Amino acid sequence: MERDNFATGNKKHALKHIVMELYEALEKRRTYRDYSDREVSDEILKKVIGAAFKAPTNDHLRQLAFIVVRGRENIAKFVAPLEKNMAAFKELVFEVNDTDDKDKMEMFTDALPKQQKMLMESGRLILPFFRQKQCPLLRPVEQSSLNYFASAWCALENMLLAATAEGLGSVFHIPVNDEAEKIKEIAGVPEGYELTCLLTMGYPAQNAFLPKQKEIDIEKRIHTNTW
């Protein structure tokens, strides 16, 4: 009986430790766009990608696949279709200030000019794909048509948190217009698979810009029974 109580106590302690680690990862997760030259090992990369397969999924089959692009020359091939729109992004920094939010503008001022650089710097680019088995992604028939898309982003969130737990910074770029189709063509992706984003992660540079997190009053965001 004493042994059982001891084992139960150890399990509770371990569970509490895991919960604390989860909330710590949630608190520390940030979008970094400046990386050091330190290499991310294949072992850590596999752990981060493996976390994607633990996320909720629409069909329980986890129809996810990943292309890992190594080396800046190879990454440049996949970033090339983005160059035109990225050049336009740099001009947007002076147009996005539609509020007096200084934190927002500080983030945009740092982020927009770095859209291409941030994908190149880590030396490793991850292209997450999911198998879209029903209606076209961008023409949903109803809200439930987005189930596969939602599953893909749940998987990506797991990866962001896993990367944080490994001490990595991460950032993703969502393709626009025909960029996704061009990237799929370059990669030779089979029909029926959709690109979620371009994801890169690495060890943050010593002087990496860290966006300020907004302080949210949770009590004001929670409504009981009615709004």
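## An aromatic cluster

F130, F149, W153 and F172 are linked into a cluster by ring pairs. The model is a predicted one. Across the whole structure, a search finds four aromatic pairs.

## The pair of F53 and F66

One of these pairs joins F53 and F66. Their ring centres are 5.8 Å apart. F53 sits in the loop between helix 2 (42-52) and strand 1 (64-70), while F66 belongs to strand 1. The two residues are 13 apart in sequence, so their pairing ties together separate parts of the chain.

How accessible is F53? Its relative accessibility is 29%, so F53 counts as partly exposed.

## The pair of W153 and F172

W153 and F172 also pair. Here the ring centres lie 5.2 Å apart. The planes stand at 65°, so this pair is edge-to-face. W153 is in helix 7, and F172 is in strand 3 (residues 169-173). The pair therefore ties together parts that are 19 residues apart in sequence.

W153 has 22% relative accessibility and counts as partly exposed. F172, at 33%, counts as partly exposed. Both residues belong to the cluster that includes F130 and F149.

## A charge over a ring

R38 lies over the face of Y203. The distance from the ring centre is 3.8 Å.

## Helix 2 against helix 7

The axes of helix 2 and helix 7 come within 7 Å of each other. They cross at roughly 145°. The crossing is right-handed.

Which residues make the contact? From helix 2 come V48, I49, A51 and A52. Helix 7 supplies A155, N158, M159, A162 and A163. By class, the contact of helix 2 with helix 7 has eight nonpolar residues and one polar residue. No charged residues take part.

Where is S145? This residue lies in the loop between strand 2 (124-131) and helix 7 (147-165). Is S145 buried or exposed? Its relative accessibility is 8%, which falls under the 20% limit, so S145 counts as buried.

Setting aside neighbours within four places in sequence, S145 is in contact with Q132, C135 and P140.

Terms used: Residues are numbered from 1 along each chain as its sequence is written. This is a predicted model: local features need pLDDT of at least 70, side-chain atom pairs count only at pLDDT 80 or more; totals for chains, interfaces and linings use all residues. Side-chain values use heavy atoms; hydrogens and water are left out. Helices (H or I, at least four residues) and strands (E, at least two) are DSSP runs, numbered from the N terminus. Buried means under 20% relative accessible area, exposed over 50%, partly exposed in between (1.4 Å probe, protein chains only). Contact means heavy atoms within 4.5 Å. Rings of Phe, Tyr and Trp (its six-membered ring) pair if their centres lie within 6.5 Å; planes under 30 degrees apart count as stacked, over 60 as edge-to-face and the rest as tilted. A charge sits over a ring if NZ of Lys or CZ of Arg is within 6 Å of the ring centre and within 35 degrees of the ring normal. Axes are lines fitted to C-alpha atoms, for helices over the stretch in contact, and angles run from 0 to 180 degrees between N-to-C directions. A crossing is left-handed if the near helix is turned anticlockwise from the far one by less than a right angle, and right-handed if clockwise. Ala, Val, Leu, Ile, Met, Phe, Trp, Tyr, Cys and Pro count as nonpolar, Asp, Glu, Lys and Arg as charged, and the others, Gly among them, as polar.
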